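Colleague: I have not looked at this one before. Can you walk me through it?
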Amino acid sequence: MKITSKAFEHNAHIPKDHTGEGRDVSPQLHFSGIPAEAKTLALICDDPDAPRPEPGVHWVIYNIPADTTELPEGLAKTRDLHGLGNAKQGVNDFGPDHFGYNGPLPPKGHGVHHYHFTLYALPDEIHPAGKASKHDVIKAMGDRIIGKTTLTGLYERK
């Protein structure tokens with residue numbers, strides 16, 4: 001499995017348009033090498049460098065049909081994603097009702113942060129509890145993950 005983006009390469013800087021200092025739109029993502037037995041995909045973007053006990057969560061999306069090869073730039077910040085099968089977005093750490101993507105916005109002077117866009121392949125749809133936080137989605141996936149890959153982007157506020 002592989003995840004790539006036209007916006008940035010692995011371990012390269014995320015353009016300002018995809019951050020809280022810019023337009024704050026989700027980057028285009030391309031998926032390849034999905035296992036044949038996969039029926040759905042899930043994606044979680046988090047920041048392990050956030051100054052808090054657990055990584056900051058920027059994006060949670062699940063039940064993406066496994067034959068999806070690309071997420072376009074600028075997905076709506078809504079729970080339901082029309083045109084992507086039964087895909088739904090969960091809440092991120094930007095508020096109790098913030099669904100979809102919120103880009104990097106690390107504290108000024110905190111150094112370079114690493115943003116992990118992790119893609120999971122699953123044998124079927126999942127049904128996370130509540131508003132589908134990162135923890136809810138991970139719990140719903142359980143031990144049924146059949147593939148996993150990560151694209152890492154960097155961002156720093158000076």
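Modeller: Start with strand β1, residues 2–4, which pairs with β3 in the antiparallel sense over 3 bridges. Keep in mind that this is a predicted model.

Colleague: What is the bridge partner of I3 in β3?

Modeller: I3 has F31 as its bridge partner there.

Colleague: How many bridges join β3 to β6?

Modeller: There are 2 bridges between β3 and strand β6, residues 70–71, and the two strands run antiparallel. H30 stands opposite E70 in β6.

Colleague: Is Q28 buried or exposed?

Modeller: Q28 counts as buried, because its relative accessibility is 8% and the cut-off for buried is under 20%.

Colleague: What does the side chain of Q28 reach?

Modeller: The backbone nitrogen of K6, at 2.7 Å. Leaving aside residues up to four places away in sequence, Q28 touches T4, S5, K6, E70, L71, P72 and E73.

Colleague: New topic, the sheet. What is the order of the open sheet of 6 strands?

Modeller: The order is β2-β9-β8-β4-β5-β7, and the pairing is mixed. β2 and β7 (88–89) are the edge strands, each pairing on one side only.

Colleague: How many bridges join β8 to β9?

Modeller: β8 and β9 run antiparallel and are joined by 9 bridges. H116 stands opposite T152 in β9.

Colleague: Which strands does helix α1 lie across?

Modeller: Helix α1, residues 134–141, lies across β4, β5 and β8. Helix α1 runs at about 140° to β4.

Colleague: On to the inside. Which residues touch the most other members of the largest nonpolar core?

Modeller: That core has 25 residues, and those touching the most other members are I3, L29, L43, W59, I61, L71 and F117. At least two residues each come from β3 (29–32), β4 (40–47), β5 (56–65), β8 (113–122) and β9 (147–155). β8 gives the most, with 4 residues.

Colleague: Why would such residues gather like that?

Modeller: In soluble globular proteins, nonpolar side chains tend to be buried together.

Colleague: Take I61 then. What does I61 touch?

Modeller: Not counting residues up to four places away in sequence, I61 touches L41, A42, L43, L71, L75, L81, K88 and Q89.

Colleague: Last topic. How many aromatic pairs does the structure hold?

Modeller: The structure holds 2 aromatic pairs. F8 and F117 form a tilted pair, 5.7 Å centre to centre with 45° between the planes. The pair links distant parts of the chain: F8 is in the loop between β1 and β2, F117 is in strand β8, and they are 109 residues apart. Both F8 and F117 are buried.

Colleague: What about W59 and Y101?

Modeller: W59 and Y101 form an edge-to-face pair, 5.2 Å centre to centre with 75° between the planes. W59 lies in strand β5 and Y101 in the loop between β7 and β8, so this pair ties together parts 42 residues apart in sequence. W59 and Y101 are both buried.

Note on methods. Residues numbered from 1 in each chain as written. Predicted model: local features only at pLDDT ≥ 70, side-chain atom pairs only at ≥ 80, totals over all residues. Heavy atoms only, no water. Core = buried A, V, L, I, M, F, W, Y, C linked by side-chain atoms within 4.5 Å. Buried < 20%, exposed > 50% of the residue type's maximum accessible area, 1.4 Å probe, protein only. Contact = heavy atoms within 4.5 Å. Polar contact = N/O pair within 3.5 Å; in protein donor to acceptor, adjacent residues only side chain to side chain. Pairing = 2+ DSSP bridges. Axes fitted to C-alpha atoms, helices over the stretch in contact; angles between N-to-C directions. Phe/Tyr/Trp six-rings, centres within 6.5 Å; stacked < 30°, edge-to-face > 60°.
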